[in-house]
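This report describes the fold of one protein chain, from its overall make-up down to single residues. The sequence and the model come first.

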Amino acid sequence: MGYSRRKEAWEIIEAIRDADRALGTLTLGDICARGVVTLNVACQACQRCGRYRVTRLIDRHGARMPLLELKALLSADCPKRKGSFYHPCGACFPGLP
């Protein structure tokens, strides 16, 4: 069996969906309670990355802000965000316990 771009794209999409499921109902307050000081955000598709202080995010968005919504807000200007189905935005929170 040879290399398949479509299969590789599906694997990437499934990895993104699995990561989103793992975030589930986590909120900024949950992350702060676990002792996380900074939250790293990276996009695997376009290689953009950033680091945010959890306390500032809580001040700005509230402790009840779900991480999935926060991810959507922080990656809103990603060029891959509204791309095709096979090339989605790969924004994630690397190093999240």
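## Overall make-up

Of the 97 residues in the protein chain, 29% are buried, where buried means under 20% relative accessible area, exposed means over 50%, and partly exposed lies in between, with a 1.4 Å probe and protein chains only. This is a predicted model, in which local features need pLDDT of at least 70 and side-chain atom pairs count only at pLDDT 80 or more, while totals for chains, interfaces and linings use all residues. Residues are numbered from 1 along each chain as its sequence is written, and side-chain values use heavy atoms, with hydrogens and water left out.

The protein chain contains 4 helices and 3 strands. Helices (H or I, at least four residues) and strands (E, at least two) are DSSP runs, numbered from the N terminus. Read from the N terminus, the order of elements is α-α-β-β-α-α-β. The accessible surface of the protein chain is about 6700 Å², and carbon and sulfur atoms hold 52% of that surface; the areas come from the Shrake-Rupley method with a 1.4 Å probe, and for residues only the protein chains shown count as cover. Among contacts in the protein chain with a separation of 6 or more, 62% are between residues 24 or more positions apart. A contact here means heavy atoms within 4.5 Å.

## The sheet

The 3 strands make an open sheet in the order β2-β1-β3, with antiparallel pairing; two strands pair if DSSP finds at least two bridges between them. β2 (49–53) and β3 (91–92) are the edge strands, each pairing on one side only. Strands of a sheet pair through backbone hydrogen bonds, either parallel or antiparallel.

Between β1 and β2 there are 5 bridges in the antiparallel sense. Thr-38 has Arg-53 of β2 as its bridge partner, and Val-41 stands opposite Gly-50 in β2. The hairpin of β1 and β2 has 5 residues between the strands, and Gln-47 takes a positive phi near 65° there. On the β3 side, 2 bridges join that strand to β1 (residues 38–43), again antiparallel. Ala-91 in β3 is the bridge partner of Cys-43.

## Helices on the sheet

Helix α4 (residues 67–74) packs on the sheet and touches β1, β2 and β3; its direction makes about 60° with that of β1. Helix α3 (residues 54–61) lies across β1 and β2 and runs at about 75° to β2. Axes are lines fitted to C-alpha atoms, for helices over the stretch in contact, and angles run from 0 to 180 degrees between N-to-C directions.

## The nonpolar core

The largest nonpolar core has 15 residues, and those with the most contacts inside it are Leu-28, Ile-31, Leu-39, Val-54, Leu-67, Leu-70 and Phe-93. Such a core is a set of buried Ala, Val, Leu, Ile, Met, Phe, Trp, Tyr and Cys residues joined through side-chain atoms within 4.5 Å. At least two residues of this core come from each of α2 (28–33), β1, α3 and α4.

Leaving out residues up to four places away in sequence, Val-54 touches Leu-28, Ile-31, Cys-32, Val-36, Val-37, Thr-38 and Leu-39. Val-36 sits in the loop between α2 and β1 and is buried, at 14% relative accessible area.

## Two residues around the end of α4

Leu-74 belongs to helix α4 and counts as buried, with 19% relative accessibility. Beyond its neighbours within four places in sequence, Leu-74 is in contact with Val-41 and Tyr-52. Leu-74 and Gly-50 are 24 residues apart in sequence, and their C-alpha atoms are 9.4 Å apart.

Is Ser-75 buried or exposed? Ser-75 is buried, with a relative accessible area of 5%, and lies in the loop between α4 and β3. The side chain of Ser-75 reaches the backbone oxygen of Lys-71 at 2.7 Å.

Notes. A polar contact is a pair of N or O atoms within 3.5 Å; within protein, one must be able to donate a hydrogen and the other to accept it, and residues adjacent in sequence count only if both atoms are side-chain atoms.
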